Every structure is written in C-alpha cells, then in structure tokens.
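Let us read one structure together, feature by feature. Have the sequence and the 3D view open.

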Amino acid sequence: MELSASQALNLWHGVSLEQVRIDNRDLTLRQISILLHIYLIPPPHTVRGLAGILGVTKPVITRALDTMGDLGLVTRTRDDRDKRNVIIKRTVEGALYLEKLGDLIIDQGRKLSI
C-alpha cells in the first residue's frame, strides 16, 4: 500500500488523537521513538547507544527513561561487565503498550480512504 503525504498525516493524526483519548500516559514523540527502538531492534540497548541514535545527550535519554520506567514500560540495570553502561530492558507492560499501539494503527489505517 502506498500513501500520499496527506493520507499518511491523516493516519498519524487519527492514531495520535485516539492515543490521547484512550491512554493517560501521554508519551512524548521522543519517548515513543525510544520505546519503539527498544522493542523493535534486538538488544542490548544502552543509554549511551540510544543517545547516539537519537542525536541527543545521555541526560535527555535518562529523563525520558525515568518517566517510562515510572510507567513500567522499561527497566534499567547496570552492565555487570562495565558499570559505566546502563542497560535498558523490555517489560511485559511495555510490550502490551506497543501491541495496543500497533492495533490502533491498524484500525486507523483501515479507516483511511485510499
């Protein structure tokens, strides 16, 4: 399926609106990007690595992970081999969140007029 720019934006708009309506977690675009990366790209994931991928500083990633950790979407542990590294791990709650988001995207995609 190929979408026009307008259709793609309408899909994103529909998903964003519905996400705000049904989910009180209200993740930022940065947090969703981090979460998607952690769940879609094979581990391991580190604060340093995520900062490099997103082109931001480690404190920016740490703040995002603080919120996501409080919501139960990810956990963090120190790397046993190198205590300077912080390993980010997936959680069941995070996997369920993204599964619901994927279902929402599918539902909104079906509503597009193509």
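Q: Is Asp26 buried or exposed?
A: Buried means under 20% relative accessible area, exposed over 50%, and partly exposed in between (1.4 Å probe, protein chains only). Asp26 has 60% relative accessibility, so it counts as exposed. Asp26 is not a glycine, yet its phi is positive, about 50°. Asp26 sits in the loop between helix 1 (5-22) and helix 2. Helices (H or I, at least four residues) and strands (E, at least two) are DSSP runs, numbered from the N terminus.

Q: What kind of model is this?
A: This is a predicted model: local features need pLDDT of at least 70, side-chain atom pairs count only at pLDDT 80 or more, and totals for chains, interfaces and linings use all residues. Residues are numbered from 1 along each chain as its sequence is written, and side-chain values use heavy atoms, without hydrogens and water.

Q: Which residues touch the most other members of the largest nonpolar core?
A: A nonpolar core is a set of buried Ala, Val, Leu, Ile, Met, Phe, Trp, Tyr and Cys residues joined through side-chain atoms within 4.5 Å. The largest one here has 24 residues, and Ile34, Leu35, Ile38 and Leu65 touch the most other members. Helix 2 gives the most to this core, with five residues.

Q: What does Ile38 contact, leaving aside its neighbours within four places in sequence?
A: Contact means heavy atoms within 4.5 Å. The partners of Ile38 are His45, Leu50, Leu65, Val74, Ile88 and Arg90.

Q: Which residues does a cis peptide bond join?
A: That bond joins Pro43 and Pro44, with omega about 15°. Pro44 lies in the loop between helix 2 (29-40) and strand 1 (45-46).
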